[in-house]
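Please open the model in a viewer and keep the selection panel at hand.

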Amino acid sequence: MSSSVSVANEGGVAIVTIDNPPVNALSFHVREPLMQALVALRDDASVAAIVIACAGRTFVAGADITEFGKPMQQPELRAIVAVLEAIARPTVAAIHGTALGGGLELALGCHFRVADQGARLGLPEVKLGILPGGGGTVRLPRLVGAAKALKMIVSGTPIGADEAYGAGLVDAVFEGDLTTHAVNFAREMARKGGPFPPVRDRDDVLKETDLAAFDAEAADLARKARGLEAPIACARAVRNAVTLPFDEALAEERALFVKLVASDQSRAQRHLFFAEREAAKLPGKDVVKRRIARVGVIGAGTMGGGIAMAFANGGFPVTLLETSQEALRRGLATIEKNYTVSVARGSLSEDAKRQRLAQFKGTIDHADLADCDLIVEAAFEDMAVKKEIFGKLDAVARPGAILATNTSYLDIDEIAASTSRPQDVLGLHFFSPANVMKLLEIVRAEKTAPDALATVIDLARRIGKVAVVVGVCHGFVGNRMLAVRGSESEALLLEGATPSQIDKAFTDFGWPMGPFQMGDLAGLDIGWRNRKARGLTAVIADTLCEQGRFGQKTGRGFYLYENGSRTPVPDPEVEALIRDKAAEKGIVPRTIDADEIIERTLYPLVNEGAKILEEGIAARASDIDVVWVNGYGFPIGKGGPMFWAGLEGAARIVGRLRYWHERTGKDVFKPAPLLERMAKTDSWEA
Ligand code: CAA
């Protein structure tokens, strides 16, 4: 037997163990011996029952994603499940860690599933732009009902062992040695005797489906899919499970899977899966990480409070520093309010809220930061303020403590130089709200020590962030590219487009919202303050701010928000203001179509990304994609700006940039040499 699959006999119960680190994915070198083992056991009358278990940290976490897009080597999972399902003696999946995708589908081929208390079960294929292709859409509804299966398959979110037990997906939950429990369970089932109906024949639960309610739910999900094909296909496949005979529904599932797996959207989403994991890797040798037990946060405003919550949520005690007792009280009160809202929404228990709040210690004395291993500064975006704070930190922080700034733009080398320990200084650029947003730009300054960097990369993962290491430049990766998109969006307004027309072009492209809706949501005053500090202007946005129109928080910005509503309503006053400003500049408005909006805003975005790569500010094109998808809402089905450039055609982008460069003379349109090379080689590799 191969080392990936072994079979043992425990008093008449066969234990088939899959061992394919790190996550027991169903690679070809697992499928082949697994099939052989199951065929042999099917024909072995001396075996009373079969347990399928996994070695290592988890049950099977799914198909091997690296095999997608290549010709599938036989046997496929479907064939393995068919053999498994036809075995007349009881079969039991022993699930620990995660049973995901093809892993859960394998388990659904068993008569029974038993799980470790900490196990999680799910069909996350939708997140890779596909649907469960190994019978998951037709078998899961037979156990948990169509409505629950729809929710699980369309969201892709796994459920815990207890919930799975309540839903009928697992038959027993155990603590302790799972394999022993599973063997005893299997033996007991064999003793009781059959028949043991396979999942495919269990359609009692399905008969209870309220099809009208199902269709209403599916229609709602389709509306929210924002152009993604996979969630819609998932819903269709689950419906087929209810309305079609098993084999027909299975064949339909296959047809949908084959179509999706070949789609650009799925390619894009698979690209992002690996890109996120790659982004957290540092080239070079492994270093010993520093120990982080307590975190200090300077500033209890929106950003500082959110950062403090992110660490507390990750289990770290936090010392929160403010300049006055009053500011500290306000900051802590906001944190408590945020947790109370989570309790009211049902996403946090009262107990967990109490535990999180107990993690916070407030202070107004820098000396209280002396026992912190990491200190994150989230004060005013002002170099003089930051330098003063870092000078104080230098005096009080313990040797080896990591000193981080949450600046969005400022030069971290300059901040580091205000301390005697620049090797311990780096940037941790969180995105607002910091306790919710996944992205964390980790800014490596010129003198940042490799072990300090490795420590925060690891820490980011522990607090559930998607980390990307970037270099020092104004705005780092995300905000530097955003500035280019923003200035062109404003230029389009002056030339004749309206905010709602531009925003619609963005939402049609797949963004959750356009640049003006986003500005109104974030607060227009933030960009205004930043521009003023740098002597820059944006004539429309500046004028709106001068009129006190800061966006949603003042009820007026690029749009109107009546009576506290969050729905943007176009405002004729703003449109008149735009025309006036254009007239002052002698610009005659013209009709601007959606294609031009995308070309003028997203092609320069890609171009700026290429410059960032050339300069080594980002290590890989895929890192830029991770930033844009997780921090700015770039549509996942397009894989991020750099991946999308390949779909759109880099040669086309270069051609159109040249056209706009000739017409406007603006630098943002001048094609970067790396983009020109990409147009020839179809690769971002230097
Ligand atoms: N195929 C290939 N490689 C995989 C993989 C998979 N399904 N799942 C994880 N890996 C790799 C990761 O790329 C990573 O590799 P590196 O160390 O080289 O970067 C390694 O395994 C460890 O993964 P994580 O860093 O993500 O480890 P984790 O402990 O944080 O998370 C996990 C483990 C929850 C299983 C997570 O990896 C995960 O969610 N994996 C994907 C699960 C999934 O989507 N399964 C469905 C696959 S599609 C399918 O099954 C189709 C079908 O119907 C047949």
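A residue counts as buried under 20% relative accessible area, as exposed over 50% and as partly exposed in between, with a 1.4 Å probe and protein chains only. The model is predicted, so local features need pLDDT of at least 70, side-chain atom pairs count only at pLDDT 80 or more, and totals for chains, interfaces and linings use all residues. Residues are numbered from 1 along each chain as its sequence is written, and side-chain values use heavy atoms, with hydrogens and water left out.

Begin with Phe112, which is buried at a relative accessible area of 14%.

The structure holds 19 aromatic pairs. Rings of Phe, Tyr and Trp (its six-membered ring) pair if their centres lie within 6.5 Å; planes under 30 degrees apart are stacked, over 60 edge-to-face, and the rest tilted. Phe112 and Phe185 are edge-to-face, because their ring centres are 5.5 Å apart and their planes stand at 75°. This pair joins strand S6 (residues 112-116) to helix H7 (residues 178-192), across 73 residues. Helices (H or I, at least four residues) and strands (E, at least two) are DSSP runs numbered from the N terminus.

Next, select Phe431 and Tyr632, an edge-to-face pair with 5.5 Å centre to centre and 80° between the planes. Both residues are buried.

Finally, display Lys638, which lies over the face of Phe509 at 4.4 Å from the ring centre. A charge sits over a ring if NZ of Lys or CZ of Arg is within 6 Å of the ring centre and within 35 degrees of the ring normal. The charged end of Arg600 sits over the ring of Trp660, 4.9 Å from its centre.
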